[in-house]
Amino acid sequence: MALIIEGEETIAAPIAKVWEALNDPAILKECIPGCQSLEKKSDTEMAATVVLKVGPIKATFAGEVTLKNLNPPHSYTISGEGKGGIAGFAKGGADVTLTEAGPNETVLKYEAKADVGGKIAQLGSRLISSTSKKLAGEFFSTFGEKVGA
């Protein structure tokens, strides 16, 4: 089951600070809903453990996160894949673009694509779609608050 999620967040911080935060595992861990651990393996690879509840199913996903198409400080693609045992799997990615809106204001736009399978996919597309949009919204609003603070 494939999903597309798009959004935009205005962050009260200069573009360089936003770019730095997008590449900082400690900040990303605080912003990813349900993230238990996020460890940097290289400049472009991280290992993650995330606990998610989708409807009646709660699962722990262990996976990899990779940064590609890096164009500092303007854009990159973040992709990841996680396995949640019998609950299923989730994989996807997001194209993230930063645009300077002023000296202390950056517009972050994202277009994310996700694919889920297994028991979670059987819950129905509306529940998965609304949960995915909620999680993406939570991530980017928390990110905006932390970086713009």
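Q: What makes the backbone oxygen of W19 and the side chain of N23 a polar contact?
A: The backbone oxygen of W19 lies 2.8 Å from a polar atom of the N23 side chain. A polar contact is a pair of N or O atoms within 3.5 Å; within protein, one must be able to donate a hydrogen and the other to accept it, and residues adjacent in sequence count only if both atoms are side-chain atoms.

Q: What kind of model is this, and how are residues numbered?
A: This is a predicted model: local features need pLDDT of at least 70, side-chain atom pairs count only at pLDDT 80 or more, and totals for chains, interfaces and linings use all residues. Residues are numbered from 1 along each chain as its sequence is written, and side-chain values use heavy atoms, with hydrogens and water left out.

Q: How confident is the predictor in the protein chain?
A: pLDDT is the predictor's confidence in each residue, from 0 to 100. The protein chain averages 92, and 100% of the residues score at least 70.

Q: Why is N23 called buried?
A: Its relative accessible area is 18%. Buried means under 20%, exposed over 50%, partly exposed in between (1.4 Å probe, protein chains only). So N23 counts as buried.

Q: Which residues is N23 in contact with, leaving aside its neighbours within four places in sequence?
A: K40, L67, L70 and Y76. Contact means heavy atoms within 4.5 Å.

Q: How do you know that C31 is in no disulfide?
A: A disulfide is a pair of cysteine sulfur atoms within 2.5 Å. A search of the whole structure finds zero. For C31, the nearest cysteine sulfur, that of C35, is 9.8 Å away.

Q: Are C31 and C35 buried or exposed?
A: C31 has 3% relative accessibility, so C31 counts as buried. C35, at 11%, counts as buried too.

Q: How many aromatic pairs are there, and what makes a pair?
A: The count comes to four. Rings of Phe, Tyr and Trp (its six-membered ring) pair if their centres lie within 6.5 Å; planes under 30 degrees apart count as stacked, over 60 as edge-to-face and the rest as tilted.

Q: Why is the pair of Y110 and F140 called stacked?
A: The centres are 3.8 Å apart, with 10° between the planes. Both residues are buried.

Q: What makes F139 and F140 edge-to-face?
A: There are 90° between the planes, and 4.7 Å centre to centre. Ring pairs link Y110, F139, F140 and F143 into a cluster.
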